[in-house]
Amino acid sequence: MPITANDPNRKTWLETSETTDFPIQNIPFGVFLTRDDVITIGSRIGDFAIDLGALHQLGYFEGIPLTDDIFLQDTLNDFISDGKKTWRLVRNRIADIFDANNEKLRDNEEHRSRVLFTLDEIEMQMPVQVGDYTDFYSSKEHATNVGTMFRDPDNALLPNWLHIPVGYHGRSSSIIPSGIPVHRPQGQTKPKDSDTPVFGPSKRVDFEVEMAFITTDANPLGEPIPIDEAEEYIFGMVLFNDWSARDIQVWEYVPLGPFLAKNFASSISPWIVTLDALEPFRTEGPKPEVELFPYLQSSGKKSFDINLEVSLKPENSEETPLAKTNFKHMYWNMSQQLAHHTVNGCPVNSGDMMASGTISGKTPDSYGSMLELSWKGEKPIKLKDGSERKFIEDHDTVIMRGYCESKGRRIGFGEVSSQLLPVFEPKKK
């Protein structure tokens with residue numbers, strides 16, 4: 001089935017900026033609360049949110065096999081379960097409805113008032129109920145930097161790293177949408193001059209520039225997903241800030257890996273950009289440096305050219321850009337990650353989220369975490385207001401943005417923005 005929504009010549013009757021992340025060729029999916037306090041599934045073009053529940057009730061999806069309530073739910077899980085054919089039909093139809101040459105909705109003022117919202121009239125919600133969350137460790141540059149810092153620089157990568165997409169299962173209950181603040185975590189840390197740990201607030205709170213993909217129902221228990229079919233089960237992608245407490249992590253991660261250092265919060269951009277929308281920006285990723293087992297051997301362009309940026313904004317101060325990197329640097333692609341995740345028969349469900357791990361490039365200005373940018377705190381970063389940072393301080397806001405751009409075409413993710421608050425203090429009774 002052709003992806004007609006991607007037509008680069010298509011224009012919309014909505015007023016949009018030429019530099020918007022959300023042209024009519026994007027058509028992402030999300031969930032928002034309307035001005036009438038109704039939660040609905042929606043899409044976005046430019047600075048307009050589109051109520052898909054209202055569109056469906058008004059008959060604009062006639063001919064597409066959809067249940068009556070498919071867009072009247074508070075998550076996208078059921079819609080994602082309908083599969084790729086349905087996603088594509090709906091996205092193509094939305095592009096047709098808002099095409100500059102289609103007057104059906106354009107010239108119906110009553111319908112427009114029910115369907116369209118400005119961004120200040122809505123409140124974005126979590127787009128999916130995340131059943132399971134997996135965090136990979138798939139940037140060779142990041143893994144090499146961390147291995148150099150904490151282990152042997154000559155053997156920075158552990159022996160398994162070039163053979164498997166390393167990952168761990170994280171906590172889905174603390175994944176939150178952009179705009180929700182995060183409290184500084186507490187836990188055990190071990191000072192350098194002590195043989196025993198202490199308990200208290202983390203002193204090394206960090207961000208990680210990542211992206212995550214969301215799956216549909218993919219396989220029953222025991223059945224692997226072949227690598228050449230993996231993308232059939234990937235709905236789309238979001239920006240992902242995997243908050244980290246580095247000092248807690250160092251003490252706790254041996255022998256079973258991250259725990260409290262990672263499970264206190266992860267923030268995502270609220271609009272899911274479909275793989276269909278990213279199709280024009282496919283690119284090849286790094287070549288394998290060792291021969292892979294057949295189940296991990298992928299062919300064709302399985303990565304995407306997605307520019308990523310991270311900035312830090314202290315309270316009552318201006319934003320300072322920290323780094324720029326790109327998703328195409330990932331050594332392990334999404335197809336390999338999903339194939340490996342399921343090769344042992346692990347089932348994957350609608351709404352499951354799988355994050356890339358920190359995405360770093362080869363140069364210091366492309367590192368995807370404060371751990372790397374400040375090199376364990378040894379090289380403080382100077383901000384525009386004259387202050388310095390080794391890690392994130394209370395009331396700092398971390399802002400991540402992502403977009404694809406080529407030949408005058410731009411498809412973006414918007415941003416994920418989250419403020420770090422002090423340690424949670426219970427209200428006095």
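A residue is called buried here when its relative accessible area is under 20%, exposed when that area is over 50%, and partly exposed in between. In this predicted model, Asp99 has a relative accessibility of 14% and therefore counts as buried. Asp99 forms a salt bridge with Arg10, and the closest N and O atoms of the pair are 2.8 Å apart. The two residues come from distant parts of the chain, 89 residues apart: Asp99 sits in the loop between α3 (84-97) and α4 (103-106), while Arg10 belongs to the segment before β1 (30-33). Arg10 is buried as well, because its relative accessible area is 10%.

Another one joins Lys84 to Glu232, with 3.7 Å between the closest N and O atoms. Here too, distant parts of the chain are linked: Lys84 lies in helix α3 and Glu232 in the loop between β13 (209-215) and β14 (234-242), 148 residues apart. Glu232 has a relative accessible area of 44%, so this residue is partly exposed.

A further salt bridge runs between Glu141 and Lys362, whose closest N and O atoms are 3.3 Å apart. Glu141 is found in helix α6 and Lys362 in the loop between β22 (353-355) and α10 (370-373); this link between distant parts of the chain spans 221 residues. The two partners can be told apart by their accessibility: Glu141, at 16%, is buried, whereas Lys362, at 69%, counts as exposed. Salt bridges with shared partners also connect Asp206, Glu208, Asp242, Arg246 and Lys262 into one network.

Attention now turns to the annotated residues. In the unreviewed UniProt entry, the annotation "binding site" covers Tyr137, Arg151, Gln249, Tyr253 and Thr358. In the model, Tyr137, Arg151, Gln249, Tyr253 and Thr358 are included in the lining of the largest pocket.

Two of these residues can be described more closely. Tyr137 is placed in the loop between β6 (133-136) and α6 (140-150), and with 26% relative accessibility it counts as partly exposed. Leaving aside residues up to four places away in sequence, Tyr137 touches His142, Ala143, Val146, Trp161, Val166, Ser356 and Gly357. Gln249, by contrast, is part of helix α7 (residues 246-252). Its relative accessibility of 17% is under the 20% cut-off, so Gln249 counts as buried. With residues up to four places away in sequence again set aside, the contacts of Gln249 are Ser244, Pro258, Ala261 and Lys262. Lys262 is also a member of the salt-bridge network named above.

Definitions and conventions
Residues numbered from 1 in each chain as written. Predicted model: local features only at pLDDT ≥ 70, side-chain atom pairs only at ≥ 80, totals over all residues. Heavy atoms only, no water. UniProt positions renumbered as here; feature names shortened; annotations may be inferred. 1 Å grid on protein atoms, 1.4 Å probe; cavity = no way out; pocket = protein on both sides within 12 Å on 5 of 7 lines; lining within 4 Å. Helix = DSSP H or I, 4+ residues; strand = E, 2+ residues; numbered from the N terminus. Buried < 20%, exposed > 50% of the residue type's maximum accessible area, 1.4 Å probe, protein only. Contact = heavy atoms within 4.5 Å. Salt bridge = Lys/Arg side-chain N within 4 Å of Asp/Glu carboxyl O.
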